[in-house]
Amino acid sequence: MASGKILVAQGGGPTAVINQSLVGVALEARRFSQVAHIYGARHGVRGIVDEEFVDLTQETSHNLELVANTPSSALGSTRDKPDIAYCQEIFRVLQAHQIEHFFYIGGNDSSDTVRIVSQEAQKAGYPLRSIHIPKTIDNDLVGNDHTPGFPSAARFVAQAFAGANLDNAALPGVYVGVVMGRHAGFLTAASALGKKFPDDGPHLIYLPERTFVLEQFLLDVKTTYERYGRCVIAVSEGIHDAQGTPIAALLAKEMEHDAHGNVQLSGNGALADLLCDEIKARLKIKRVRGDTFGYLQRSFIGCVSDVDQREAREVGEKAVQFAMWGGHDGSVAIKRTGFYSVDYELLPLDAVAGKTRVMEDEFIAASGTDVTDAFRMYLRPLLGSGMPDAFRLRHNPVAKVLHR
């Protein structure tokens, strides 16, 4: 007999709107009479194998709406990257609890987990509908125009650089801001949307889609500093040399590694400090400052795109609709239509799982240190309404008396 049970979980890095997708699933599922119980797994796939479930059926709609507007992952998340054996254990738990629909909100690794679990269910002849719901601030899921979580993080980055630029204009020097993005530079590129006047920063933008050459970087900084008397720089944490080695690893004596064996690029200020040290030592510029945005850009409360909120809710809702009305497992994808509106499709899991999207060439300026108008047109609608603006005094000069 049908159990009417569904399970939803959240994986990977939190975002400002991932809870919108969670609540989209929970509330949309209530509209279907065949759904008897809506379970949530604590801390993603780790919570599934440990059978740490909560009954979302008992949550009030009002509280769910409050949670939806709260950043970060309400169910908790995990960095576990399941292999086949791990996914077999996930499936064993889902089968034991008679789960009929499995929704996993996450990025590349999460989509691959859904793919493997789906295959295990098919091999066992178990009627499980498995749907991946997109989420990542990196904006690197293939098949999507953009990914929920990215617009809000991009809004934060654009505003942060607009503020850093104002600070740098008041007290000139060199400023280096390091932004998340191991392979894709979308989030770092968003810094360009903080510019208003021609001489505003960021004056230089460095993305992982282009090879980073330290000598050229120093020449770019020197030229910009001589031109404007200051220089604001946006740098992706994933910049690398021609061999693909992260610059942070080349310049640092010791680097931490994450659970997957990758050089730890986030959560420390190594790259910003190292680049600042090179600028000070090689260019002899005294006032050089660096920041690493780190986790700030992921779940910054009060800096959320209303467009992102709406679409994150809708991908959760559409996931349930695809599961209940469709006959296929898959990954929900956002497709842009017109100047700015979107539609949703269900892509095959194989088309998304384990793949990484990077910035298209049309979005990167020929110089390699800026973005194109095509990127600005692409990103601006995603940032949402109410973007703050900056203004300047006109500086009408008064004639000198003593120093004419």
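Helices α8 and α10 are roughly perpendicular to each other (a class that covers 65 to 115 degrees), because they pack at an angle of about 70°, with their axes 11 Å apart. The model is predicted: local features need pLDDT of at least 70 and side-chain atom pairs pLDDT 80 or more, whereas totals for chains, interfaces and linings use all residues. Residues are numbered from 1 along each chain as its sequence is written, and side-chain values use heavy atoms, with hydrogens and water left out.

**Packing of α8 and α10**
- Helix α8 spans residues 214–228 and helix α10 residues 270–283; helices are DSSP runs of H or I with at least four residues, and strands are runs of E with at least two, numbered from the N terminus.
- Axes are lines fitted to C-alpha atoms, for helices over the stretch in contact, and angles run from 0 to 180 degrees between N-to-C directions.
- The crossing of α8 and α10 is right-handed, that is, the near helix is turned clockwise from the far one by less than a right angle.
- In α8 the contact (heavy atoms within 4.5 Å) involves L214, E215, F217, L218, V221 and K222, and in α10 it involves L275, E278, I279, R282 and L283.
- These contact residues comprise seven nonpolar, no polar and four charged; Ala, Val, Leu, Ile, Met, Phe, Trp, Tyr, Cys and Pro count as nonpolar, Asp, Glu, Lys and Arg as charged, and the others, Gly among them, as polar.

**Packing of α1 and α11**
- Helix α1 (residues 18–29) packs against helix α11 (residues 306–325) at an angle of about 40°, with their axes 7 Å apart.
- The two helices α1 and α11 are therefore oblique to each other, and their crossing is right-handed.
- The contact of α1 with α11 has seven nonpolar, six polar and three charged residues.

**The sheet and the helices across it**
- Four strands form an open sheet in the order β7-β8-β6-β9, with parallel pairing; two strands pair if DSSP finds at least two bridges between them.
- The edge strands, β7 (204–206) and β9 (288–292), each pair on one side only.
- Strand β6 (residues 174–179) is joined to β9 by five bridges, and V176 has G290 as its bridge partner in β9.
- Helix α6 (residues 150–170) lies across β6 and β8 (231–236), at about 170° to β6.
- Helix α10 lies across β6, β8 and β9, at about 165° to β9.

**Salt bridges**
- The count comes to 19 salt bridges, each a side-chain nitrogen of Lys or Arg within 4 Å of a carboxyl oxygen of Asp or Glu.
- R92 and E89 form a salt bridge at 3.0 Å, N to O.
- Because R92 and E89 are three residues apart in helix α4 (residues 84–96), about one helical turn separates them.

Terms used
Parallel < 35°, antiparallel > 145°, perpendicular 65-115°, else oblique.
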